[in-house]
Amino acid sequence: MFTIIGDMMACLLWGGLLSVGLVVCLYVVFRKCCPSYTLSLVSGLLLFVLLIILFIQSFMLVGAIHAQRYVDAGRIISEQVMGTIEKDAPSLTAMQQADLLTQEITRQYPVLEPFIQRVDLAAYTRGGKEMVADLLDVTQQMIQSYLLRRILWICACMAMWWIVARLSGAKKQPVYRYEEYD
């Protein structure tokens, strides 16, 4: 329980730092690439909204990275559970074994529950250690696709802000100094 709370606090911290870092980098790069543009009120407000959106996406991204660690730890527990199931109840079908296994994994690691619930257990006809590997490989693939979606959302939001900032920003007029020469 305390591990999950600690991981959530770490996700909040790292998600916040990541989102602030991304917004600062985006702003610095924008100022370097477009020095003649001034940011308007609209693009400034959108920068704040972008910070909030990036915080949410970064929080979920860091959380998924933490969930990947739980999958690796879940492999060890799953193999122990399958050894116990095969020894104590060898007459169980592969579906019943998969059900017992997922219950034990989600009891030990509730963070993985949303991913494991989406796995189609009816597809597992073989039991034993192959099922453990298959189940956790599918869960790992789901987490990786989730990570990819978070990264794409972050990139898309930053690109949309860049476009809006370019369209809504006003070009600075160059200042000419008039000096009289004798």
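The largest nonpolar core in this predicted model has 38 residues. A nonpolar core here is a set of buried Ala, Val, Leu, Ile, Met, Phe, Trp, Tyr and Cys residues joined through side-chain atoms within 4.5 Å. Buried means under 20% relative accessible area, exposed over 50%, and partly exposed in between (1.4 Å probe, protein chains only). Leu50, Leu101, Ile105, Leu112, Ile143 and Trp161 have the most contacts inside this core. At least two core residues come from each of H1, H2, helix H3 (94-108), helix H4 (113-117) and helix H5 (129-168), and H5 gives the most, with 13 residues. Helices are DSSP runs (H or I, at least four residues) numbered from the N terminus. In soluble globular proteins, nonpolar side chains tend to be buried together.

Residues are numbered from 1 along each chain as its sequence is written. Local features need pLDDT of at least 70 and side-chain atom pairs count only at pLDDT 80 or more, while totals for chains, interfaces and linings use all residues; side-chain values use heavy atoms, with hydrogens and water left out.

Ile143 touches Ala64, Ala67, Gln68, Val71, Leu112 and Phe115, not counting residues up to four places away in sequence. Contact means heavy atoms within 4.5 Å. With the same exclusion of residues up to four places away, Asp7 touches His66, Arg69 and Tyr70. Asp7 is found in helix H1 (residues 2-33) and counts as buried because its relative accessible area is 13%.

Helix H2 (residues 41-88) supplies the largest share of the patch, seven residues. Ile53 lies in helix H2 and is partly exposed, at 32% relative accessibility.

The structure holds zero disulfides, a disulfide being a pair of cysteine sulfur atoms within 2.5 Å. The closest cysteine sulfur to that of Cys34 belongs to Cys33, at 5.8 Å, so the two are too far apart for a bond. Cys155 is in no disulfide either, and the nearest cysteine sulfur, that of Cys157, is 9.5 Å away. Cys34 is buried, with a relative accessible area of 2%, whereas Cys155 is partly exposed, at 45%.
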